[in-house]
Amino acid sequence: MKEIDVFRQWNRKRHEYATAWQKRTGGKVMGYFCTYVPEEILHAAGVLPVRVLGSHEPQNVTEPHIFAMFCPFCRDCLAQGLKGRYKYLDGLMIAQSCLHIRQAYTSWIKHVPVGFSYYLCMPHKVQSRRAYPYLRGELEAFRKAVEGWTGKQISDKALREAIAVYNENRRLMRELYDTRKQAEPPVSGEEVMEISLAQQMVDKREHNEALRKLLAALPRRKRDRPAGTRLMIIGSEDDDIDFLHMVESLNKEQYPATFVVDEHCTGSRYFWNDVPEDKDALMALSRRYIERPPCPTKDWEERKRIPHIMKLARDFGAQGAIVMQQKFCDPHELDTVAIRKELEKQGIKTLFLEFDVTVPIGQFRIRVEAFLETLKQEDLF
Ligand code: SF4
């Protein structure tokens, strides 16, 4: 479908897109780690934020810089920097989330020249009333640093406009997700993953435009296979398109299955909540990033992530959940047990899979087929 191909192209040609954008606009490109980065401030300064992701290829360049028992995602990201795949970046930044990805960031800025780098101290204890003014202060400092870097003043008006563009993007994405609640969703999980990945690397105004065209075309679309078992995918970072493709291409008579929703940081966790109305734009941003669906590194003392997952599972009618984990990912490993327990308690069977840089498609296929078979058998009784 041509309305989806545009996202696929952006995703596949992410570096070409960013360099062409740079030439076309004369603007700067900021690579970033972690979805706690307040992109709206960058957008308001005319900067393109591009999320750094891995390439899923085996590599041998990170060993001197990062322990092999750090998660494969952060090692894969660092490898991209060391191999010069992001050499067009004008800047690189991170907002504090987990130690693994911070190590990727600090190794990168030490070993790969980059014009500007920034560490944003996103608080861990978001469930404190002091987190709001604290983060607001950090955002103010970040705004000044970006002004100094770009030589452009970021007015409140520009900030508000950026917030409006981003909120619209989030609203359109939620609208797209809503179509997946249908008995026969018009889009596959793999296609949605292409769209949500592109969302994190292209200009949001262009992404909005493409989303509007897609949403207008979707009511006429009928997929050529039945939805089958409705699956949810839960985890940390997940851009394993090949895995989703494999699951959704299994024999359609025997094992039809479709991912109808996700809860991970390259999917719904990235865009689920809006920046609220607030006269103070920086406080509005502070509220948004503090109150967003949490990463496990910030989900304490009250654990808010699990009820959020359960609500998504219910709203989208998930029958089974694949709980994926990046090998050695401590924050998510700690959450997985409780998540699986709660899902199973609510009658949603789970399959746990551990992911590495490359995806063992053959091995995973057998495990997914066995899982779908179990769900089918349960339906018979
Ligand atoms: S949260 Fe997990 S997957 Fe994400 S960077 Fe940290 S260790 Fe890796």
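## A cis bond and a positive phi

Glu301 sits in the loop between helix H12 (281–291) and helix H13 (305–315). Going into that residue, the peptide bond from Trp300 to Glu301 is cis, with omega near 5 degrees. Helices here are DSSP runs of H or I with at least four residues, strands are runs of E with at least two, and both are numbered from the N terminus.

The model is a predicted one, so local features need pLDDT of at least 70 and side-chain atom pairs count only at pLDDT 80 or more, while totals for chains, interfaces and linings use all residues. Residue numbers start from 1 along each chain as its sequence is written, and side-chain values use heavy atoms, with hydrogens and water left out.

Cys34 is another backbone spot to look at: its phi is near 85 degrees, a positive value in a residue other than glycine. Cys34 belongs to the loop between strand S1 (29–33) and helix H3 (39–44). For context, most residues other than glycine have a negative phi, and most peptide bonds are trans.

## The S2-S1-S3-S4 sheet

Four strands make an open sheet in the order S2-S1-S3-S4, with parallel pairing (two strands pair if DSSP finds at least two bridges between them). Strand S2 (48–51) and strand S4 (116–120) are at the edges with a single partner strand each, so one side of each has no neighbour in the sheet. On average, neighbouring strands of this sheet are turned by 25 degrees against each other, direction ignored.

Strand S3 (residues 91–95) and S4 run parallel and are joined by five bridges, and Met93 stands opposite Tyr118 in S4. Helix H6 packs on this sheet, touching S1, S3 and S4 (contact means heavy atoms within 4.5 Å). The direction of H6 makes about 175 degrees with that of S4; axes are lines fitted to C-alpha atoms, for helices over the stretch in contact, and angles run from 0 to 180 degrees between N-to-C directions.

## The S6-S5-S7-S8 sheet

There is also an open sheet of four strands in the order S6-S5-S7-S8, again with parallel pairing. Its edge strands, strand S6 (257–263) and strand S8 (349–355), each pair on one side only. The twist averages 25 degrees from one strand to the next.

Strand S5 (residues 229–234) pairs with S6 in the parallel sense over six bridges, and the bridge partner of Thr229 in S6 is Ala257. H10 packs on the sheet and touches S5, S6, strand S7 (320–326) and S8, with its direction at about 145 degrees to that of S6.

The largest pocket has a volume of about 470 Å³. Of the 24 residues lining that pocket, the closest to its centre are Arg12, Arg14, Ser55, His56 and Asp239. The elements giving two or more residues to this lining are helix H1 (2–12), helix H2 (14–25), helix H8 (189–199) and helix H10 (241–248). By class, the lining divides into seven nonpolar, eight polar and nine charged residues. Here Ala, Val, Leu, Ile, Met, Phe, Trp, Tyr, Cys and Pro count as nonpolar, Asp, Glu, Lys and Arg as charged, and the others, Gly among them, as polar.

In the second largest pocket there is about 240 Å³ of space. Its lining has 14 residues, and Thr229, Gln319, Leu375, Lys376 and Asp379 lie nearest its centre. Helix H15 (residues 361–380) gives the largest share of that lining, five residues.

## Cavities

What separates a cavity from a pocket? On a 1 Å grid over the protein atoms alone, a cavity is a set of points where a 1.4 Å probe fits but cannot get out, whereas a pocket is an open set with protein on both sides within 12 Å along at least five of seven lines; lining residues have an atom within 4 Å of a point. Grid points are joined across faces, edges and corners, and a volume is the space filled by probe spheres set on the points.

Searching the whole structure turns up five cavities of 30 Å³ or more. The largest cavity holds about 280 Å³ of space. It is lined by 21 residues, with Phe73, Ser97, Cys98, Ser236 and Cys265 closest to its centre. Helix H5 (99–111) and helix H14 (330–345) are the elements that give two or more residues to the lining.

## Salt bridges

The structure holds 31 salt bridges, each a side-chain nitrogen of Lys or Arg within 4 Å of a carboxyl oxygen of Asp or Glu. One of them joins the side chains of Arg136 and Glu140 at 3.2 Å, N to O. Both residues lie in helix H6 (residues 131–150), four residues apart, about one turn of the helix.
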